[in-house]
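Welcome! Open the model in your viewer, keep the sequence beside it, and follow along one selection at a time.

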Amino acid sequence: MGRGRVQLKRIENKISRQVTFSKRRSGLLKKAHEISVLCDAHVGLIIFSTKGKLFEYSSDSSMETILERYERYSCAEKQLVPTASESQESSSWTIELPKLTNRMEVLQRNLRNSMGEDLDPLSLRELQHLEQQLDIGLKRIRTRKNQLMLEAIAEMQKKAKALQEENNLITKKLKENENMLAERANWEQQCNNISGPNSTTPLLMAPHPRPPLPSHGAFQASGVVEEGSGYQTRPTTNNTRIPSWMLNHPNQ
């Protein structure tokens, strides 16, 4: 004899009801997975136990994607149907408000979960999915941070290069000024050496040009030689000396 049809009614035995729920839930999740793989269908399955525990299956990356798609489809369907009166329009808004409220609650719960709060109701699969989302977010944050750091380093290197060029230019100008000061000091020292220690010639002025020798025959015969700023005499062939008052500079 074949098995008879099982009468569908609530199982009164608590243990038997829990065992049946576990078996049927596993079979239902398996069937949902099979139809999504075999038929390439987008499947979303949500189950709440009598204790309020959530069991879900999603063929996409997350259940939120399928729910958003369902909401868009339902809203588009409602927009295609024209409203007969204002009462119908107000009723549509009355229906839409709970959906928006539920959506806001889902977003708030996801936000708390991403902050590490209210993790007890989550299953192992939900925790794994949350971990994957956080890893992706961390990778994006690190990529952006590294990009900003590289841009800041490039900008600092550019400024450092500009400062180095400016420093080299200033150093070059300082060396040129030092060379000019050294040349001026050397020139002044040469002027002082030429004018002599007892000369009244200013330090920043060149000494007077050497005056020409007198044309008197006695001076030519005596062999006058210029040394320093005055004329000195040396012995002549007649062993005579020229008086010193006759050897002074004509301008002195």
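Which residues does Tyr 57 touch, not counting residues up to four places away in sequence? Select Tyr 57 in this predicted model and show its surroundings: the contacts are Leu 29, Ala 32, His 33, Ser 36, Val 43, Gly 44, Leu 45, Met 63 and Arg 125.

Stay with Tyr 57 for a moment. Tyr 57 belongs to strand β2, and it counts as buried because its relative accessible area is 10%, under the 20% cut-off. Leu 29 and Tyr 57 are 28 residues apart along the chain, yet their C-alpha atoms are separated by 6.6 Å. Next, pick His 33: its side chain makes a polar contact with the side chain of Tyr 57, at 3.0 Å.

In soluble globular proteins, nonpolar side chains tend to be buried together.

For the last stop, turn to cysteines. Is Cys 39 buried or exposed? With a relative accessible area of 54%, Cys 39 is exposed. Cys 191, on the other hand, is buried at 6% relative accessibility. If you look for disulfides, the count is 0.

How values were computed. Residues are numbered from 1 along each chain as its sequence is written. This is a predicted model: local features need pLDDT of at least 70, side-chain atom pairs count only at pLDDT 80 or more; totals for chains, interfaces and linings use all residues. Side-chain values use heavy atoms; hydrogens and water are left out. A disulfide is a pair of cysteine sulfur atoms within 2.5 Å. Buried means under 20% relative accessible area, exposed over 50%, partly exposed in between (1.4 Å probe, protein chains only). Helices (H or I, at least four residues) and strands (E, at least two) are DSSP runs, numbered from the N terminus. Contact means heavy atoms within 4.5 Å. A polar contact is a pair of N or O atoms within 3.5 Å; within protein, one must be able to donate a hydrogen and the other to accept it, and residues adjacent in sequence count only if both atoms are side-chain atoms.
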